Amino acid sequence: MSLAHVILGLLQQQAMTGYDLKTSCFDQCIGHLWPADQAQIYRTLEKLVEQGCVTCTIEIQHDRPNRKVYTITESGKAELIRWLGTHQPLPILREPLLVQLQFADRLPNEMIIHLLEQQLAARNEKLAKCENINLPVLGDESASREEVMQRLVLELVIRREQTYIDWLKTAIKVISQQDPHSSEYQIF
């Protein structure tokens, strides 16, 4: 998966500026799945224009800077459909915290717990943001097909975060009960 496909998916819903993509889409509804900063979005939009997947129209504004509005092309729609039907391999996960924990036997319990508590706070914050995303619940017959798909994805993200939070709480409990002298530790 690439940022280009995320942007094509968003532009199939409606034409937007790069700013709109960042503030209305990435910051509000898709960032929990695929975060991107403003520079990445604009670089990707330029590449999509070069590839013919997106067009750019300049809207003249007299009281503000001109707006570049991006629209998906037929070629872009075809690429999105091709990608949507393609099996995605399991992602390669890199979890720095888990690597730290793998070798953390050399640290005192308090330091390990502090690292885990920091992660717990960050995960709780992400979970709260996800839970505040306004989408109809599963089974709501008034929900559009698009909303149902978005809710299904959001449900998995919420479950993943809750599972990680539960694991962090367990890890904190286990480590707080560990005898810090059961193996020698040293701070490098």
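## Basis

The model is predicted: local features need pLDDT of at least 70, side-chain atom pairs count only at pLDDT 80 or more, and totals for chains, interfaces and linings use all residues. Residues are numbered from 1 along each chain as its sequence is written, and side-chain values use heavy atoms, with hydrogens and water left out.

## Second largest pocket

A pocket is an open set of points on a 1 Å grid over the protein atoms alone, with protein on both sides within 12 Å along at least five of seven lines; lining residues have an atom within 4 Å of a point. The second largest pocket has a volume of about 230 Å³, a volume being the space filled by probe spheres set on the points, which are joined across faces, edges and corners.

Its lining consists of Phe26, Asp27, Gln28, Cys29, Ile30, Gly31, His32, Glu125, Lys126, Lys129, Cys130 and Ile133. Helices α2 (18-30) and α6 (109-131) each supply at least two of the lining residues, and α2 gives the most, with 5. Helices are DSSP runs (H or I, at least four residues) numbered from the N terminus. The lining has 5 nonpolar, 3 polar and 4 charged residues. Ala, Val, Leu, Ile, Met, Phe, Trp, Tyr, Cys and Pro count as nonpolar, Asp, Glu, Lys and Arg as charged, and the others, Gly among them, as polar.

## Cavity

A cavity is a set of grid points where a 1.4 Å probe fits but cannot get out. The whole structure holds 1 cavity of 30 Å³ or more. The largest cavity has a volume of about 40 Å³.

Leu97, Gln100, Leu101, Ala104, Ile112, Leu115 and Leu116 line the largest cavity; 6 of the lining residues are nonpolar, 1 is polar and none is charged. Both α5 (96-102) and α6 supply at least two residues of this lining.
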